[in-house]
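Biologist: Could you please take a close look at one part of this model, the covalent cross-links and their surroundings? A connected account, with the cut-offs stated, would be appreciated.

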Amino acid sequence: MQRITMKAILILILASTFMGVFFKAAVCENIPSGFTLINRAYTFPGNASGCHHAEWRKSPPADATIATYTDHTCTTEEGFEEEFTCKDQHLLLRAARYTDQGRYEFICNTATTATQLDVLYALKLSVDETDSITFSCYSRSAEDVTWLHNKETVLHYTMDGSVIPGKGYEGRASLEKTCFKTGNFSLTICNVRQADAGVYRCFLDDETIKGYPHAYELEVNEKRSSPGDQTHPDCNEATLVLYKTSTVVLGLILVVSVICLIIKLHNCRSTSAPSTHTPENDCMLMSDRTHATDERPPVQESDYTENKPSGTQPIFEI
Ligand SMILES: *[C@@H]1O[C@H](CO)[C@@H](O)[C@H](O)[C@H]1NC(C)=O
Ligand SMILES: *[C@@H]1O[C@H](CO)[C@@H](O)[C@H](O)[C@H]1NC(C)=O
């Protein structure tokens, strides 16, 4: 009797899991999103070259066919010729208007793929190479913040303190540590490079909510400076604290645990150790001593070669 109940429960759990996955896939269909700026062109992702028959459609409110591809020829439908054209077997929106936002479908033979198009008004900013730039972004309380450069991640920061910098932004991108309290999610990038030019977007809560202002277009001016003028002070100190915090805290935990282990081993060998000192107490003393004599743990030294100790102080308040 019990076995049957167990089996039933197991089947129920399995079934609900499958149903959940299916339901999620069917209802919360994760549509790939694209974006463009107002008055800029946008090429839709569907490539018609491999299709016998293809169609591009705009979903509600104006559910209509924009262009058709048959016999290797693409034709833009009446009423859409001015705004859309076919280019290299792709659909091209010549100059995006705010009303072009929405869901588009690409039907190749019988397979349909959807794209959610976002048309953005971006604030223009310009910066000299090697300088720093701050993009303002504010929002109500959130669980996490994500900054994107074009489509790549610059920085992902969650309320629990985890920081994931994007490729090329390690140690260059920062947010205020208090951002989840203040709602100030402004991003600072220091030592700007030519490759940093492009569109920046501020998102919250798993990229479901837009921060305000949401988008920027950054222009990077080439710096024709003297060869000796290479470093910029802005990248040190406070701006890097956020990114380094997790590394330093982990390193400190490691160092303290090693010290603890050494002390424990030591206590095991020498039975004459004073009984009033528990290993925990020794740990505290040891870490205190480390601060007092300025014998910094190796992790900290390697991480802060250019930083002043003053910038690192709050991290050591354990
Ligand atoms: C479309 O696909 C064809 C064949 O798969 C490829 O040769 C062509 O380069 C693609 N066009 C673009 C613009 O990516
Ligand atoms: C928000 O943070 C940025 C830098 O992180 C700072 O420059 C700006 O002054 C802050 N805004 C306000 C209103 O405090």
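Modeller: Cys86 counts as partly exposed at 23% relative accessibility, and Cys74 is likewise partly exposed, with a relative accessible area of 24%. Here buried means under 20% relative accessible area, exposed over 50%, and partly exposed in between, computed with a 1.4 Å probe on protein chains only. The model is a predicted one, in which local features need pLDDT of at least 70 and side-chain atom pairs count only at pLDDT 80 or more, while totals for chains, interfaces and linings use all residues. Residues are numbered from 1 along each chain as its sequence is written, chains are lettered from A and ligands numbered from 1 in the order in which they are written, and side-chain values use heavy atoms, with hydrogens and water left out.

Cys74 and Cys86 are joined by a disulfide with an S to S distance of 1.7 Å; a disulfide is a pair of cysteine sulfur atoms within 2.5 Å. This link connects strand 5 (residues 73-76), which holds Cys74, to strand 6 (residues 84-87), which holds Cys86, across 12 residues of sequence. Helices (H or I, at least four residues) and strands (E, at least two) are DSSP runs, numbered from the N terminus.

The structure holds 3 disulfides. Another of them joins Cys51 to Cys108, at 2.1 Å from S to S, and is left-handed, with -115° about the S-S bond. Cys51 lies in the loop between strand 2 (42-43) and strand 3 (53-58), and Cys108 lies in strand 8 (residues 102-108), 57 residues apart. Cys51 is buried at 5% relative accessibility, and Cys108 is buried at 18%.

Cys137 and Cys202 also form a disulfide, with their sulfur atoms 1.9 Å apart. The torsion about their S-S bond is about -70°, so this disulfide is left-handed. The link spans 65 residues, from Cys137 in the loop between strand 11 and strand 12 (144-149) to Cys202 in strand 17. Cys137 and Cys202 are both buried. Cys179, by contrast, is in no disulfide; the nearest cysteine sulfur, that of Cys202, is 9.6 Å away. Cys179 is buried, with a relative accessible area of 0%.

Asn184 brings these cysteines into one setting. Leaving aside neighbours within four places in sequence, Asn184 is in contact with Cys137, Tyr138 and Cys179, where contact means heavy atoms within 4.5 Å. Asn184 is found in the loop between helix 2 (179-182) and strand 16 (187-189) and is buried at 18%. The side chain of Asn184 also makes a polar contact with that of Ser186, at 2.5 Å; a polar contact is a pair of N or O atoms within 3.5 Å, where within protein one must be able to donate a hydrogen and the other to accept it, and residues adjacent in sequence count only if both atoms are side-chain atoms.

Rings of Phe, Tyr and Trp (its six-membered ring) pair if their centres lie within 6.5 Å; planes under 30 degrees apart count as stacked, over 60 as edge-to-face and the rest as tilted. This rule gives 10 aromatic pairs. Among them, Phe135 and Tyr200 are stacked, 4.5 Å centre to centre with 20° between the planes. Phe135 lies in strand 11 (residues 133-135) and Tyr200 in strand 17 (residues 198-204), so the pair ties together parts 65 residues apart in sequence. Phe135 is buried at 0% relative accessibility, and Tyr200 is buried at 0%.
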